[in-house]
Amino acid sequence: MSHVLLIEGLRANVGSKEILRGIDLEVNSGEVHVVMGPNGSGKSTLSHVIAGRPGYEVTGGKVTLDGLDLLTLPAWKRARAGLFLAMQYPIEVPGVSLVDALSAAFVSNGRPPALVPDLLAAEADRVGLDRRFLLRPLNVDLSGGERKRNETVQLGVIGPLFAVLDEIDSGLDVDALRAVARRIEGATAESGLGVLAITHYNRLLNELHADRIHVLIEGRIVASGGPELAEELETTGYAAYGVDEPVVVGAAVGAARLAGAAGAASGAGNGGRPGASAARTDLDPFADPFA
Ligand SMILES: Nc1ncnc2c1ncn2[C@@H]1O[C@H](COP(=O)(O)OP(=O)(O)O)[C@@H](O)[C@H]1O
Ligand SMILES: [Mg+2]
């Protein structure tokens, strides 16, 4: 059965500042959409608002999953409806094991939690995550790249209808990125997962086949197209959209450093955490671990 995640005229503020200024996107089952945008364009805000993270004020528009109004639901009910968010900076949750978290998700969906351990092991193997990491509390003592694989493992076990992936590529080396991309594409083919992958770097597009690419600048989608848009972005960067920032940067780590140095004044280093200031990134659990 085909499903649809529909975003219409979505507008949202953080405090008094308007970050999302009318976003329209339609993702159907089995489709991969990639939203690309420079630092501070509102990518994480978009993923947080869709997933229901507190701290944002939605001032207009709709987000529906098969017609169900997601914006009125708390995050866990959105998840139960079939939405999954892979966070840009997955946080450590000491005291809660991965298997407990996923078992709770299974129980809430009426699925037998006894299935979780075997599924977890199989999913870890698929993305090359060492099985011993499965025994740790959620994300505790995992590197940035391991966390991204861990997010992908959770995606594979839960099997949502739609996944919003916020910079799933950051911190991954090329082999890990390939494994993660293959797993995501596998889910689109095997179970019709619909994907909204949000990223800063077009290296993701080298590994993850996108049906549609959208360019997000200052809270608006200013261009949408097929895979040909990736080539255009590769040659011209965001300059065509009035943003003086290259799309292709050698390494994610270096780019994050550059962005942190250049973008501190705009809060680019705070990971979009509502209420957090760039100056406090050392205390911010959502701060960029690669900066
Ligand atoms: N808590 C906040 N207070 C003020 N501005 C914020 C806050 N969180 C995010 N912003 C601003 O919102 C804009 C978009 O942030 P974000 O969605 O994290 O961008 P991206 O993920 O594209 O880098 C940035 O200009 C950022 O500084
Ligand atoms: Mg972000």
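# Chat about a predicted model

Modeller: Let me start with helix H6, residues 174-191: its 18 residues reach 25 Å from the first C-alpha to the last, close to the 26 Å expected at 1.5 Å a residue. Keep in mind that this is a predicted model.

Colleague: Thanks! Which residues of H6 are buried?

Modeller: Leu177, Val180, Ala181, Ile184 and Ala187 are the buried ones. Looking down the axis of H6, you find them within an arc of 115°, so they line one face of the helix.

Colleague: And what covers the buried residues of H6?

Modeller: The cover includes helix H4 (116-127), H5, strand E10 (194-199) and helix H7 (203-207).

Colleague: On the other side of H6, which residues are exposed?

Modeller: Over there, Val174, Asp175, Ala189 and Glu190 are exposed. Just after H6 comes glycine 192, with a positive phi of about 70°.

Colleague: You mentioned H5. Where does glycine 144 lie?

Modeller: Glycine 144 is in helix H5, which covers residues 144-158.

Colleague: Why does glycine 144 count as partly exposed?

Modeller: Because it has 17 C-beta neighbours inside 10 Å, and a residue needs 20 or more to be buried, or 12 or fewer to be exposed. The C-alpha of glycine 144 is also separated by 7.8 Å from that of tyrosine 89, although the two residues are 55 apart along the chain.

Colleague: Let's switch to sheets. What is the strand order in the open sheet of four strands?

Modeller: The order is E2-E1-E4-E5, and the pairing is antiparallel. At the edges are strand E2 (17-28) and strand E5 (68-69), each pairing on one side only.

Colleague: How many bridges are there between E1 and E2?

Modeller: Strand E1, residues 4-14, pairs with E2 over nine bridges, in the antiparallel sense. In that pair, leucine 5 stands opposite valine 27 in E2.

Colleague: What does H1 touch when it packs on the sheet?

Modeller: H1 touches E1, E2 and strand E4 (57-65), and its direction makes about 70° with that of E2.

Colleague: Why is H1 described as largely enclosed by the rest of the structure?

Modeller: Helix H1 runs over residues 43-51, and eight of its nine residues are buried, so the rest of the structure largely encloses it. The buried ones are Lys43, Ser44, Thr45, Leu46, Ser47, His48, Val49 and Ile50. Just after H1, glycine 52 takes a positive phi of about 95°.

Colleague: How about E11, parallel or antiparallel to E3?

Modeller: Strand E3 (residues 32-36) is parallel to strand E11 (residues 212-217), with four bridges between them. Valine 34 faces isoleucine 213 in E11.

Colleague: And how many bridges join E11 to E12?

Modeller: Five bridges join E11 to strand E12 (residues 220-225), and those two run antiparallel. Histidine 214 has serine 224 in E12 as its bridge partner. The hairpin of E11 and E12 has two residues between the strands, and glutamate 218 takes a positive phi near 45° there.

Colleague: Now the whole chain. How many helices and strands are there?

Modeller: The protein chain has nine helices and 12 strands. Of its 291 residues, 42% are buried. Among contacts between residues at least 6 apart in sequence, 67% join residues at least 24 apart.

Colleague: Where does pLDDT stay under 50?

Modeller: That would be residues 248-291, for which the model has 70 contacts beyond four places in sequence. The protein chain averages a pLDDT of 86, with 84% of the residues scoring at least 70.

Key: Residues are numbered from 1 along each chain as its sequence is written. Chains are lettered from A and ligands numbered from 1 in the order in which they are written. This is a predicted model: local features need pLDDT of at least 70, side-chain atom pairs count only at pLDDT 80 or more; totals for chains, interfaces and linings use all residues. pLDDT is the predictor's confidence in each residue, from 0 to 100. Two residues are in contact if their C-beta atoms, placed from the backbone, lie within 7 Å. The expected span of a helix is 1.5 Å times one less than its number of residues. The arc is that of the directions from the helix axis to the C-beta atoms. Two strands pair if DSSP finds at least two bridges between them. Axes are lines fitted to C-alpha atoms, for helices over the stretch in contact, and angles run from 0 to 180 degrees between N-to-C directions.
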